[in-house]
Amino acid sequence: GKELLMLRDEDGVSCAHMASQNGHVEALRVLIEAGGKELLMLTVENGVSCAHMASQNGHVEALRVLIEAGGKELLMLTDKNGNSCAYVASEFGNAEALRVLIEAGG
């Protein structure tokens with residue numbers, strides 16, 4: 001159940017972080033269905049969210065799924081250095097991810 005999905009490793013990484021980092025869209029959908037927005041709002045120790053990870057790696061479809069479920073609140077999370085997912089997408093040159101974020105208002 002949801003309790004299992006909320007477990008994290010020693011750095012605070014959840015299963016939703018891993019699915020986002022690797023662009024596993026169908027796995028994200030299953031995780032969101034079972035864990036909801038609460039799961040998506042978890043951050044690792046340095047404040048990085050699922051949206052940061054998808055943005056960094058240019059996983060546009062995963063990012064769209066995250067935006068649909070987490071909304072602007074997820075997009076506005078910043079890491080410990082104050083970096084948003086739009087900042088991270090820019091840093092790593094992921095223009096399409098940046099477009100998706102801008103369209104969503106993040």
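What follows is a chat about a predicted model of one protein chain.

User: How many helices and strands does the protein chain have?

Analyst: In this predicted model, the secondary structure of the protein chain comes to seven helices and zero strands, and reading along the sequence gives the pattern α-α-α-α-α-α-α.

User: And how does its radius of gyration sit with the globule rule?

Analyst: The radius of gyration of the protein chain is 12 Å, close to the 13 Å that the globule rule gives for 106 residues, so the chain is as compact as a globular protein of that length. Along its principal axes, the C-alpha trace spans about 35 × 25 × 20 Å.

User: What percentage of the residues are buried?

Analyst: Buried residues make up 42% of the 106 residues in the protein chain. As for contacts between residues at least 6 apart in sequence, 72% join residues that are at least 24 apart.

User: What about the surface and the charges, how do those come out?

Analyst: The accessible surface of the protein chain comes to about 5,600 Å², and 49% of that belongs to carbon and sulfur atoms. The chain carries 8 positive and 15 negative side chains, with the centres of the two sets lying 6 Å apart.

User: Switching to helix H7, which of its residues are buried?

Analyst: Helix H7 covers residues 95–104, and its buried residues are Ala97, Val100 and Leu101. These three cover an arc of only 100° around the axis, which puts them on the same side of H7.

User: Why do residues three or four places apart point the same way in an α-helix?

Analyst: An α-helix has 3.6 residues a turn, so residues at a spacing of three or four places point the same way.

User: Which exposed residues are on the face of H7 turned away from the buried side?

Analyst: That face carries the exposed residues Ile102 and Glu103.

User: And what covers the buried residues of H7?

Analyst: The cover includes helix H4 (50–56), helix H5 (60–75) and helix H6 (85–91). Just after H7, Gly105 takes a positive phi of about 90°.

User: Now His52, where does it lie, and is it buried or exposed?

Analyst: His52 lies in helix H4, and at 2% relative accessibility His52 counts as buried, because the cut-off for buried is under 20%.

User: Which residues is His52 in contact with, leaving aside neighbours within four places in sequence?

Analyst: With those neighbours left aside, His52 is in contact with Gly47, Leu77, Thr78, Asp79, Asn83, Ser84, Cys85 and Val88. Of these, Cys85 and Val88 fall in helix H6, which runs over residues 85–91.

Key: Residues numbered from 1 in each chain as written. Predicted model: local features only at pLDDT ≥ 70, side-chain atom pairs only at ≥ 80, totals over all residues. Heavy atoms only, no water. Helix = DSSP H or I, 4+ residues; strand = E, 2+ residues; numbered from the N terminus. Rg over C-alpha atoms; globule rule 2.2 N^0.38 Å. Buried < 20%, exposed > 50% of the residue type's maximum accessible area, 1.4 Å probe, protein only. Contact = heavy atoms within 4.5 Å. Areas by Shrake-Rupley, 256 points an atom, 1.4 Å probe, with all protein chains shown as cover. Lys, Arg positive; Asp, Glu negative; His and termini not counted. Charge placed at Lys NZ, Arg CZ, Asp CG, Glu CD. Arc of directions from axis to C-beta.
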